[in-house]
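Visitor: Could you walk me through this model and tell me what stands behind the words used for it?
Guide: Gladly; here it is.
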Amino acid sequence: MKREFIFILILLFLFISVYGTESPYVSGELLIQLKNNVDNALETLSEDFNYFSLKPVKLLSRRMNIWLFEFSSGRISDEDVLISVKNHPLVREAQFNHFVEEREIFPDDPSFDLQWGLHNTGQTGGLFDADVDAPEAWDITTGGVTILGDTLIVAIIDGGCDLNHGDLSLWKNYEEIPGNGIDDDENGYIDDYDGWNAYNSTGNIPSHSHGTHVSGIAGAVGNNTLGVSGVNWNAKVMPIAGSSGTESIVVEAYGYVLEMRSIYNETNGEHGAFVVATNASFGVNYGNPANFPLWCAIYDSLGIIGVLSTGATMNISVNVDEVGDMPTACDSDYLITVTNTTSTDEKNSSAAWGLVTIDLGAPGTSIYSTNYNNSYSYKTGTSMSTPHVTGAIALLFSAASEELLEQYQQEPAEVALLMKDYILEGIDVIAALDTITVSGGRLNLYNSLQLMLNPSSNDERIYRVSLTLRNYPNPFNPITTISYDLPVNIANPVIEIFNIKGQKIRQFSIFNIQSSIVWDGTDENNQPVSTGVYLYRLKTDGFMSGTKKMLLLK
């Protein structure tokens, strides 16, 4: 017993050493999602929790009904406040307002040739073709507008952007009159002509080095005899300030995208903005998604209306599957998570990974791009990797067929997932990522375009929109049923079950269409597995679904 107690003390000491003792959230603040169509909900909550002076501060997302609340910290513990609020009948979800930081490490060796990540000829020690094959992709499309005439927009949620940079094509809300203090387009945001500033809830976008750099990687104007080229030459960049400070700022920033794309869908493109991707080059190191339910839920809400999101993982060499991270450990099918690769196709030594949580790599080491004050510079980090993928999403949409885009109008969520498949399945497999990321490789624009443009008649990617995969109950004990709804002519389908470390513990062959299998919590040797989180996916000879999570309780 004494030995066990000492062991626990050692673990506690290590935890404090690694994670620190500073609070990860703002004391006295909560993010609360209220149930819809409830009259006087704000007043009722304030009255019911008068003991610790719970009061609404501001609305963060009208679509998701998420509010920032403040309360008097100290009367009871913050944890007890959160539990009490969570259990209130008017509350759908509640959480702390966590601190968030931008993700960037400054390059210490700016000797790489310009934009090796787009076209690598082996310059200055780089590996030939260790790039995203941008010139090959640009021979097919350079982005900008879909075949149906929709102007493609990528939302860069960051610290701000240089609105006067000559090499950026920035989105403008032409239905808003800037500076008149009126919500001209009645979208819930005043003076949002240039975008939105979630730091102070205004339309004033601050100039910002990191945000300008990220914007240029995704969408700097190409072939204009000036500066650099983005992955997508002609996509519009929507700048949104809101990448650091507190989580409420992040939620408000995403809430703006959610509103503008929802309006676009609801008005058949007459109003709003055709945002197809969001970029998050920021996060919370070692964040546990269970403590960030509203932030994670936003990715599903965006995905349902057709928006894919990208997230930069930590600039720390750790396994996200084991230690957690925000947002890259969020369990959302509509989030693409990215780590940093070098000009020699190695994982950057300061970048995180995860067989279950991190989808792919992209160039992120000594990347040359736009900077504020109408300048250019090198930067390094997963922050630089992620906008390569953001630009790639818009590039795919610019080359999509009329039939696929019409399907996207009817089934935005399903086609968004199809685009994610093309991104992940089009990678170049590289040894450095083969066993530590979901896809095992680095982004390749040309390969992904070819997959989308040339599906064979038996290509199972075309069935992605009709696949459903779920389990019930979840959590479970002693059994759970994993159900699936598959199209015909699927080759050798199986259900694979993994533990949280990515080790496969069980596999079931599938013989029936629109059926299910039952898992009793045992491994291949029929031995019971331990309590915890498990992942499952469907795999065939030519297709692999995203992973789903389930919780086994003992």
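Visitor: What is the pLDDT over residues 460-466, and how many contacts does the model have for them?
Guide: The pLDDT (the predictor's confidence in each residue, from 0 to 100) stays under 50 there, and the model has 24 contacts (heavy atoms within 4.5 Å) beyond four places in sequence for this stretch. Where pLDDT is low, the predicted coordinates should not be read in detail. This is a predicted model, in which local features need pLDDT of at least 70 and side-chain atom pairs 80 or more, while totals for chains, interfaces and linings use all residues. Residues are numbered from 1 along each chain, and side-chain values use heavy atoms, without hydrogens and water.

Visitor: Why is helix 11 called oblique to helix 12?
Guide: Helix 11 (residues 412-425) and helix 12 (residues 445-453), both DSSP runs of H or I with at least four residues, pack at about 135°, with axes 8 Å apart. Angles under 35 degrees count as roughly parallel, over 145 as roughly antiparallel, 65 to 115 as roughly perpendicular and the rest as oblique, so helix 11 is oblique to helix 12.

Visitor: What makes Phe52 and Phe71 an edge-to-face pair?
Guide: Ring centres must lie within 6.5 Å, and planes under 30 degrees apart count as stacked, over 60 as edge-to-face and the rest as tilted. Phe52 and Phe71 have 6.1 Å between centres and 75° between planes, hence edge-to-face. Phe52 lies in the loop between helix 2 and strand 2, and Phe71 in the loop between strand 3 and helix 3, so the pair ties together parts 19 residues apart in sequence.

Key. Axes are lines fitted to C-alpha atoms, for helices over the stretch in contact, and angles run from 0 to 180 degrees between N-to-C directions. Helices (H or I, at least four residues) and strands (E, at least two) are DSSP runs, numbered from the N terminus. Rings of Phe, Tyr and Trp (its six-membered ring) pair if their centres lie within 6.5 Å; planes under 30 degrees apart count as stacked, over 60 as edge-to-face and the rest as tilted.
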